[in-house]
Amino acid sequence: MGSAVTMGTNEEQLPFFTQFLQFHAQWSQFPMFGFFVIANGVISGYAVLSLPFSYVCIVRPHAVGPRLLLVSFDTVMMGLITGAASSAAAIVYLGHNGSAEANWMAFCQGFTNFCQAASEAVVTSFVAALFFMCLLSLSALALRRNSLT
């Protein structure tokens with residue numbers, strides 16, 4: 001949720017020669033950042049909505065159906081958060097370093113606050129992806145353990 005809020009409120013304006021001519025950087029100007037914000041919002045909603053299923057799995061440890069449903073959706077969400085963080089990381093990298101082959105200039109020298117917030121959101125999202133990987137591993141092990149008994 002923090003990644004979506006950080007990126008969703010990320011913007012910066014730089015004055016050019018006058019107050020009337022300004023450069024503006026906003027997350028909605030980059031489609032990959034849009035995908036990043038929407039995907040992190042969906043994943044945050046899923047995390048909240050999956051709590052009742054998690055509770056059922058704790059109360060009824062031998063219920064295989066809810067556990068299998070959680071493992072399936074956790075797998076999808078892990079792929080979604082990894083894809084969203086990776087696409088946003090590519091744009092952040094281009095913003096910091098540019099690309100001579102693609103004629104992309106590094107714009108982070110001017111928009112330092114914008115790029116700093118975007119970098120923080122991407123790192124936070126990769127940490128969430130790591131947590132989803134751990135959660136998926138633990139859920140799969142619990143499902144396997146209960147299906148063997």
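Which helix is Leu 69 found in? I looked this up at the start, keeping in mind that the model is predicted. Leu 69 sits in helix α4, which runs over residues 64-97.

**Entry: Leu 69 and its patch**
I checked the accessibility of Leu 69 next. Its relative accessibility is 34%, so Leu 69 counts as partly exposed, between the 20% and 50% cut-offs. I also found Leu 69 in a nonpolar surface patch, which it makes together with Phe 53 and Phe 73. The patch comes to about 260 Å². A friendly reminder to myself: residues three or four places apart on an α-helix point the same way, because there are 3.6 residues a turn.

**Entry: the helix itself**
I then followed α4 from end to end. The helix has 34 residues, and its first and last C-alpha atoms lie 49 Å apart. That is close to the 50 Å expected at 1.5 Å a residue. After α4 I came to Gly 98, which has a positive phi near 75°.

**Entry: Ser 87**
Setting aside neighbours within four places in sequence, I see Ser 87 in contact with Met 32 and Phe 35.

**Entry: the record**
I turned to UniProt, where an unreviewed entry annotates residues 33-56, 68-95 and 121-143 as "transmembrane region". In the model, I find residues 33-56 to be 96% helix and 0% strand, with end C-alpha atoms 35 Å apart. Residues 121-143 are 100% helix and 0% strand, and there the end C-alpha atoms are 32 Å apart.

Terms used. Residues are numbered from 1 along each chain as its sequence is written. This is a predicted model: local features need pLDDT of at least 70, side-chain atom pairs count only at pLDDT 80 or more; totals for chains, interfaces and linings use all residues. Side-chain values use heavy atoms; hydrogens and water are left out. Patches are made of residues with over 30% relative accessible area and no salt bridge: like charges are joined within 9 Å, nonpolar side chains (Val, Leu, Ile, Met, Phe, Trp, Tyr) within 5 Å. Accessible areas come from the Shrake-Rupley method with a 1.4 Å probe; for residues, only the protein chains shown count as cover. A salt bridge is a side-chain nitrogen of Lys or Arg within 4 Å of a carboxyl oxygen of Asp or Glu. Helices (H or I, at least four residues) and strands (E, at least two) are DSSP runs, numbered from the N terminus. Buried means under 20% relative accessible area, exposed over 50%, partly exposed in between (1.4 Å probe, protein chains only). The expected span of a helix is 1.5 Å times one less than its number of residues. Contact means heavy atoms within 4.5 Å. UniProt positions are given in the numbering used here, feature names are shortened, and annotations may be inferred rather than shown by experiment.
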